Amino acid sequence: MASGIRGLMKDTAVYGLSTILVRLLNWLMTIVYVRALPGTADFGNMTNLYAWTALAMIVLTYGMETGFFRFINKAERPNEVYSTTLWSLGATSTFFLCAGLLFLRPLSGSMGYADHPEYVGLLLAIVAMDAFMAIPLAYLRYANRPWRFMFVRLTFILLTIVLTIFFLFLCPRIYALHPEWIDSFYRPNYELGYVFVINFICNLVQMAMLFPHWRHAGHVFRPDVLRKMLAYSFPILLLGLAGSFNNQADKILFPMLFDDPAEGKAQLGIYGACYKLAIIMVMFTQAFRYAYDPFVFAKTKGGEEEGKESYATAMKYFIIFVCFIYLGVMAYMDILKHFVGPAYYGGLKVVPFVMLGQLMFGIYFNLSLWYKVTDRTIWGAVFSLIGCVTTVLIIVFGARTYGFMACAWASVISNGLIMLLSYFMGRYYFPVPYRLGNALFYAALTALLVGGTYCVAYLFPQYTALRLGVNTLFVLLFVIIAFRKDLSGIAVPILNRIRKR
């Protein structure tokens, strides 16, 4: 079991490095966008469109990523599962793109982008490619090739950085001095459009890099395998759609609740930029999820009791690290707020709530293994639907009065609700010996230390350096307690091996 947990942590670290770099890019790009885009409304438009993209991505993958891990781990001929999944997603992604382009103008108008249908067209192509590439990337995880996975994602990151610098910084300066040099391909005052153009180009390059991994999958298409996968994955589609809408509803619904759409987009831009400050929590949970799905289904081969103990241990370490991340972000908010700039400071109060919501969603994801390994995925759809309805009701009835704070509160309440429901239902169908007392200890410790950061901010509002120094002591105190209580057992062997080398 210990070796399995170390393997999970190693894969989480490798996947995490690539995921952190991708998310860090988004974070750093926030600095670029809030300065390159003309105003908060443009950032709101970008936030709104990418929220729609996240929903479309769930529909286009229709739960097949999780189904892929479930079936390839128990198949006698794994390549048949891989090939069948590729054919299925390739066909549906192509149909989606063609249908979307055919009805591009009415679709753009209904989304509020009639003046720029090309934005929606580019996003249709981006999401179609993303959906198809989800399976080759999943195959790299199944084949235990995290370094190749990281290389592909790292290339995507570096290319995005280069093109962003070129289109959003160099081209405007070149055009101002020598427009004839670049007027054949550069369009001034088209900053938001270039955000989507860059994403499209980078997706093309990423697809080309993954080509060898899906070209060798074979050409076998097994309708019987696909039917079984769809039966398993359809509830996950409902789960994912409701879950994604639960996370994106604020960015989709918020502008619709204002009498003045421009004001709604401007407020969404402030909320969306500050939402990005919570990205560290999302980074770790996403990295953990990349490693956790293969880990869960692989552990089903080793016996139920061994698997349950491994799941409980994985949850223990997950909670420790997300609590550490939460405390770290709150401790250094005086530094992090400069990533968005003064125009967006009004939204900083959403950060602790958004992070808490994401922390709860990460725990919910870990708890969700019970309905995956017992093939009761319909429960995931039920939980997500409950969370989705809760989110929508809070935003619809609260946004006009409380603004974007209603969106932040909705994240905490809805994710907390489905986390608790999944925990209690899991105890009945697939009881795992989670260390509940240990989890409550770290929750209380984190709450106490975060409360300490607020007290320091209240007592010394003018002394930033002093606040940062005291907050650093809070972070170190957490590390010392966690190391002595739970982490020394895994950290010491790792350090000993490093010394021997």
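Author: Helices here are DSSP runs of H or I, at least four residues long, numbered from the N terminus. Keep in mind that this is a predicted model.

Reader: With that in hand, in which helix is the place of G426?
Author: Look at residues 405-429. G426 lies within that run, and the run is helix α18.

Reader: Is G426 buried or exposed?
Author: Under 20% relative accessible area counts as buried. G426 has a relative accessible area of 5%. Therefore G426 is buried.

Reader: Which residues is G426 in contact with, leaving aside neighbours within four places in sequence?
Author: L367 is 59 residues from G426 in sequence, and their C-alpha atoms are 7.4 Å apart. Contact, though, requires heavy atoms within 4.5 Å. With the sequence neighbours left aside, the contacts of G426 are W370 and P431.

Reader: How are α3 and α4 oriented, roughly parallel or roughly antiparallel?
Author: α3 is residues 64-72 and α4 is residues 78-102. They pack at about 165 degrees, with axes 9 Å apart. Angles over 145 degrees count as roughly antiparallel. So α3 and α4 are roughly antiparallel.

Reader: Which residues of α3 make the contact with α4?
Author: The crossing of α3 past α4 is right-handed. On the α4 side, the contact involves P78, V81, Y82, T85, S88 and L89. On the α3 side, the residues are M64, F68, F71 and I72.

Reader: Y62 has a positive phi and is not glycine. Is Y62 buried or exposed?
Author: Y62 sits in the loop between α2 and α3. Its phi is near 35 degrees. Its relative accessible area is 11%, and the cut-off for buried is under 20%. So Y62 is buried.

Reader: N189 is not a glycine either and has a positive phi. Is N189 buried or exposed?
Author: N189 is in the loop between α8 and α9, with phi at about 55 degrees. Its relative accessibility is 70%, and over 50% counts as exposed. Therefore N189 is exposed.

Technical notes. Residues numbered from 1 in each chain as written. Predicted model: local features only at pLDDT ≥ 70, side-chain atom pairs only at ≥ 80, totals over all residues. Heavy atoms only, no water. Axes fitted to C-alpha atoms, helices over the stretch in contact; angles between N-to-C directions. Helix = DSSP H or I, 4+ residues; strand = E, 2+ residues; numbered from the N terminus. Parallel < 35°, antiparallel > 145°, perpendicular 65-115°, else oblique. Left-handed = near helix turned anticlockwise from the far one by under 90°. Buried < 20%, exposed > 50% of the residue type's maximum accessible area, 1.4 Å probe, protein only.
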